[in-house]
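The sequence and coordinates come next.

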Amino acid sequence: MRSRELPPDTVLAWFDVHARDLPWRDPDTSAWGVLVSEIMLQQTPVSRVEPVWLNWMARWPRPSDLAAETQGEVVRAWGKLGYPRRALRLHAAATEIAERHDDVVPSDVDVLLALPGIGAYTARAVAAFAYGQRTPVVDTNVRRVVARAVHGAADAGPPSTTRDLADVAVLLPTTESRAARYSAALMELGAIVCTARSPRCADCPVLSDCAWQRAGRPAYSGPAKPVQRFAGTDRQVRGLLLDVVRGSDRPVERHRLDLVWADAGQRDRCLDSLLVDGLMEQTDEGLFALPGER
DNA sequence: CAGCCGTGGGC
DNA sequence: TGCCCAAGGCT
């Protein structure tokens with residue numbers, strides 16, 4: 001099955017010319033490097049990931065290198081990428097890969113899915129981009145591109161993994177290597193042309209085939225998307241607390257943490273949740289440190 | 001499955 | 001400014 005709106009030849013030719021030169025796209029990048037990039041890129045812009053990824057790969061070129069590190073060092077190297085539990089999960093995944101997969105990142109989607117921090121998107125991204133497999137890779141960019149070009153809608157509706165995967169599966173070219181590259185191309189199209197706000201339709205390779213364009217670019221009519229607050233949430237407070245500990249080379253006193261947020265109840269709750277998550281530990285003297293750095 | 005989990009940049 | 005958005009995953 002071929003898509004009239006997203007023809008592989010057109011999309012691939014565009015990608016050949018316009019693909020960004022990202023370090024994890026270097027042909028020499030290992031499957032481990034691809035996996036690390038995909039975890040870091042979850043909900044995080046490319047520009048912030050690049051320097052951290054370069055440092056990370058120079059320091060821990062194999063899963064076993066990361067597995068040998070303390071959790072605290074890993075959380076510290078994660079820096080301010082956000083969602084630091086990803087760092088712990090990546091460390092746990094590296095440990096499993098080192099111990100149970102002979103230090104080789106699995107290529108099978110179902111095996112990848114069993115690793116911590118790897119879900120429907122990341123498993124298929126690794127299978128496609130590290131191992132060249134033909135499998136639908138569906139992220140927010142792809143969902144938007146398909147919603148517009150194929151379905152004629154301004155944006156994708158609520159995500160449904162099963163439906164989204166089937167939706168994209170029928171678009172993939174038959175040839176394995178072309179399919180993998182096509183997946184990367186759809187993501188790139190969504191990232192730099194078919195963007196969420198003010199899409200650059202004039203630069204789009206499939207403008208003349210686009211169903212949304214054909215329909216006169218109607219406004220989004222689906223259900224309202226839930227807006228994520230941040231200011232004042234536990235997420236913000238956790239971030240502030242962890243930042244204090246992450247920025248210190250020795251365990252910090254409770255008083256230092258009390259300074260970052262006035263509401264003692266919320267502060268205590270967040271501190272406790274950080275301890276429960278394993279992002280922090282308390283020393284015998286009652287000081288706070290990154291895990292494994294007591 | 002809806003809500004939660006960081007952070008910063010653009011408009 | 002406040003809001004939206006950024007290569008999601010987990011419970």
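**Contacts with the DNA strand**

In this predicted model, a phosphate oxygen of DNA strand B lies 3.3 Å from an N or O atom in the side chain of Arg246. Arg246 is also part of helix H13, which spans residues 234–246. With 5 residues, helix H13 gives the most to the surface near DNA strand B.

The whole surroundings of DNA strand B comprise 17 residues, and the closest are Arg48, Gln228, Phe230, Arg238 and Gly239. Of the atoms of DNA strand B that come within 4 Å of the protein, 57% belong to sugar and phosphate.

A base nitrogen of DNA strand B is 3.2 Å from an N or O atom in the side chain of Thr44.

**Cysteines**

How many disulfides does a search of the whole structure find? The count is 0. Cys194, for one, is in no disulfide: the nearest cysteine sulfur, that of Cys204, is 6.3 Å away, whereas a disulfide requires two cysteine sulfur atoms within 2.5 Å.

Is Cys194 buried or exposed? Cys194 counts as buried because its relative accessibility is 12%, and the cut-off for buried is under 20%. Cys270 is likewise buried, with a relative accessible area of 1%.

Terms used: Residues are numbered from 1 along each chain as its sequence is written. Chains are lettered from A and ligands numbered from 1 in the order in which they are written. This is a predicted model: local features need pLDDT of at least 70, side-chain atom pairs count only at pLDDT 80 or more; totals for chains, interfaces and linings use all residues. Side-chain values use heavy atoms; hydrogens and water are left out. A residue is near a molecule or strand if one of its heavy atoms lies within 4 Å of it. A polar contact is a pair of N or O atoms within 3.5 Å; within protein, one must be able to donate a hydrogen and the other to accept it, and residues adjacent in sequence count only if both atoms are side-chain atoms. Helices (H or I, at least four residues) and strands (E, at least two) are DSSP runs, numbered from the N terminus. Buried means under 20% relative accessible area, exposed over 50%, partly exposed in between (1.4 Å probe, protein chains only).
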